[in-house]
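The following exercises concern the structure shown below.

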Amino acid sequence: MADTDLKNLTDRYVAVWSEPDPERRRAAIRELWSPDAVHILQPPQEMRQAAEGLGFDRLVLEARGYDALELRVTRAYEEFVAPGAFVFRSRGDAERLHDVVKFRWEMVARGGGDASGIGLEILMLGADGRIVSDYQFIEG
């Protein structure tokens with residue numbers, strides 16, 4: 001994958017989380033992910049601690065397939081972007097090793113400034129170049 005293709009993939013990935021139009025968001029999800037793809041989120045530390053307090057030694061959040069992926073992306077959009085407070089952007093550090101892509105993204109105030117949130121994305125790509133597994137770690 002050429003650097004321009006890698007940049008295009010990560011730019012499209014980050015953009016889908018900020019897409020206001022539901023139809024375009026749905027189409028972008030189908031272009032980026034395979035039909036049975038999975039998005040796995042390592043929950044933020046406070047959620048993991050709450051789960052531990054309930055006796056769960058491991059908490060993993062998972063969305064599988066287009067409907068679940070669309071719900072996941074839409075909820076993140078509604079919570080962080082739609083109110084007008086934040087936007088998501090790539091940190092421009094994408095790397096690829098065979099079918100694995102890793103990059104960081106950040107959530108920043110719409111007016112600019114320091115990142116309010118940072119995540120690490122690990123994507124496993126299928127033969128058609130679409131995402132089959134998406135592992136998201138909230139780093140800050």
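**Exercise 1: Charged pairs**

Arg96 is partly exposed, with a relative accessible area of 31%; the class "partly exposed" lies between buried (under 20% relative accessible area) and exposed (over 50%), computed with a 1.4 Å probe and protein chains only. The model is predicted: local features need pLDDT of at least 70, side-chain atom pairs count only at pLDDT 80 or more, and totals for chains, interfaces and linings use all residues. Residues are numbered from 1 along each chain as its sequence is written, and side-chain values use heavy atoms, with hydrogens and water left out.

Solution. 
1. A salt bridge is a side-chain nitrogen of Lys or Arg within 4 Å of a carboxyl oxygen of Asp or Glu.
2. Asp99 is partly exposed because its relative accessibility is 40%.
3. Arg130 is partly exposed at 22% relative accessibility.
4. The structure holds 14 salt bridges. A network of them links Glu23, Arg26, Arg30 and Glu70.
5. Side chains of opposite charge can pair when their charged atoms come close.

**Exercise 2: The nonpolar core**

Task. Determine which members of the largest nonpolar core touch the most other members, and which element gives the largest share.

Solution. 
1. A nonpolar core is a set of buried Ala, Val, Leu, Ile, Met, Phe, Trp, Tyr and Cys residues joined through side-chain atoms within 4.5 Å.
2. The largest core has 26 residues, of which Tyr13, Val16, Trp17, Trp33 and Leu123 touch the most other members.
3. Two or more residues each come from α1 (3-16), α2, β1 (33-42), α4 (65-81), β5 (100-109) and β6. Helix α4 gives the largest share, six residues.
4. Contact means heavy atoms within 4.5 Å. Apart from neighbours within four places in sequence, Trp33 has contacts that include Tyr13, Val16, Trp17, Leu69, Val73 and Arg130.

**Exercise 3: A nonpolar surface patch**

Task. Name the residues that make the nonpolar surface patch, and give its area.

Solution. 
1. Patches are made of residues with over 30% relative accessible area and no salt bridge: like charges are joined within 9 Å, nonpolar side chains (Val, Leu, Ile, Met, Phe, Trp, Tyr) within 5 Å. Accessible areas come from the Shrake-Rupley method with a 1.4 Å probe; for residues, only the protein chains shown count as cover.
2. The patch consists of Met124, Val132, Tyr135 and Phe137 and has an area of about 280 Å².
3. Strand β7 (residues 131-138) gives the largest share, three residues.
4. Met124 lies in strand β6 (residues 115-125) and is partly exposed, because its relative accessibility is 31%.

**Exercise 4: Buried and exposed loop residues**

Task. Are Glu19 and His98 buried or exposed?

Solution. 
1. Glu19 is in the loop between α1 and α2. Its relative accessibility is 16%, so Glu19 is buried.
2. Beyond residues up to four places away in sequence, Glu19 touches Arg24, Arg25 and Tyr77.
3. His98 is in the loop between β4 (95-97) and β5. At 69% relative accessibility, His98 is exposed.
4. The phi of His98 is positive, near 55°, in a residue other than glycine. Most residues other than glycine have a negative phi.

Conventions. Helices (H or I, at least four residues) and strands (E, at least two) are DSSP runs, numbered from the N terminus.
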